Amino acid sequence: MSARQSAGLLLYRVMDTGAEVLLGHMGGPYWSGRDTAAWSIPKGEHGPEEQPEAAARREFQEELGVPPPEGPWTPLGASRQRGGKTVTVWAVEGDLDPARAVLGTFTMEWPRGSGVLREFPELDRVAWFPLEDAVEPLVTGQRVFLDRLGRCIREDRRQPPSAR
C-alpha cells in the first residue's frame, strides 16, 4: 500500500505591512473548540492517477468555492506529516475576500458510533494572517511551508523588477 499523498495551494499577498497568507480553520466537530494548530493550507488527498498540481487546484476550488488565482506557482516542496501523509504545497500570489469563499462540505458519522450521518464544512472559516503570526494557528506539520514561503518572498524582493 502506498503512502497517502496530499497537495495544496498557499495563497499569499504582499502588503505595505508585510506578507500575509490565507488559511482555513478546519471544520467538523474535532476542531470546533480549537484555534491553535487548527488552521490549514487549503489542501486535500489525491491518488497516484492525479498529478499533485491538479489536486492542489481541485482542492482549492472545492474547499473555497472559487478557482485559484492565475499567476506563477512557487513550489514550496513536500513535508511528511506526523501521521505519515506527505503534503506537497505551492504558493501563488493573489488576493481573495474571505467573504467570497463558498466553503465545501463533507459527511461523517457523528456522534461516532451513532449511525447518524451529518454534513460539516471542510473549512468553517478562512482568514488572512500576517506571515509571522500564522505559525501558531497553522497545524504543526504545515508550518515548514511558512518558512519556505518567507525565504521565497525575500529572495524575490531582492530581484530587480525587470527580473521578476
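**Strand pairing, pocket and salt bridges in a predicted model**

Strands S5 (residues 74–80) and S6 (residues 86–93) run antiparallel and are joined by 5 bridges; strands count as paired if DSSP finds at least two bridges between them. Strands (E, at least two residues) and helices (H or I, at least four) are DSSP runs numbered from the N terminus. Threonine 88 in S6 is the bridge partner of alanine 78. The hairpin of S5 and S6 has 5 residues between the strands, and glycine 84 in this hairpin has a positive phi near 100 degrees.

The model is predicted: local features need pLDDT of at least 70 and side-chain atom pairs count only at pLDDT 80 or more, while totals for chains, interfaces and linings use all residues. Residues are numbered from 1 along each chain as its sequence is written, and side-chain values use heavy atoms, with hydrogens and water left out. The mean pLDDT (the predictor's confidence in each residue, from 0 to 100) of the protein chain is 92, and 94% of the residues score at least 70. Residues 160–164 have a pLDDT below 50, and this stretch makes 3 contacts in the model beyond near neighbours in sequence (contact: heavy atoms within 4.5 Å).

The largest pocket has a volume of about 760 Å³. Of its 28 lining residues, Met26, Trp31, Lys43, Lys85 and Gln142 are the closest to its centre. On a 1 Å grid over the protein atoms alone, a pocket is an open set of points where a 1.4 Å probe fits, with protein on both sides within 12 Å along at least five of seven lines; lining residues have an atom within 4 Å of a point. The volume is the space filled by probe spheres set on the points, which are joined across faces, edges and corners. Strand S4 (43–46), helix H1 (52–64) and strand S7 (105–109) each supply at least two lining residues.

The whole structure contains 9 salt bridges, each a side-chain nitrogen of Lys or Arg within 4 Å of a carboxyl oxygen of Asp or Glu. Arginine 125 and aspartate 35 form a salt bridge with an N to O distance of 3.4 Å. Arginine 125 is in strand S9 (residues 123–130) and aspartate 35 in the loop between strand S2 (18–26) and S3, so the pair ties together parts 90 residues apart in sequence.
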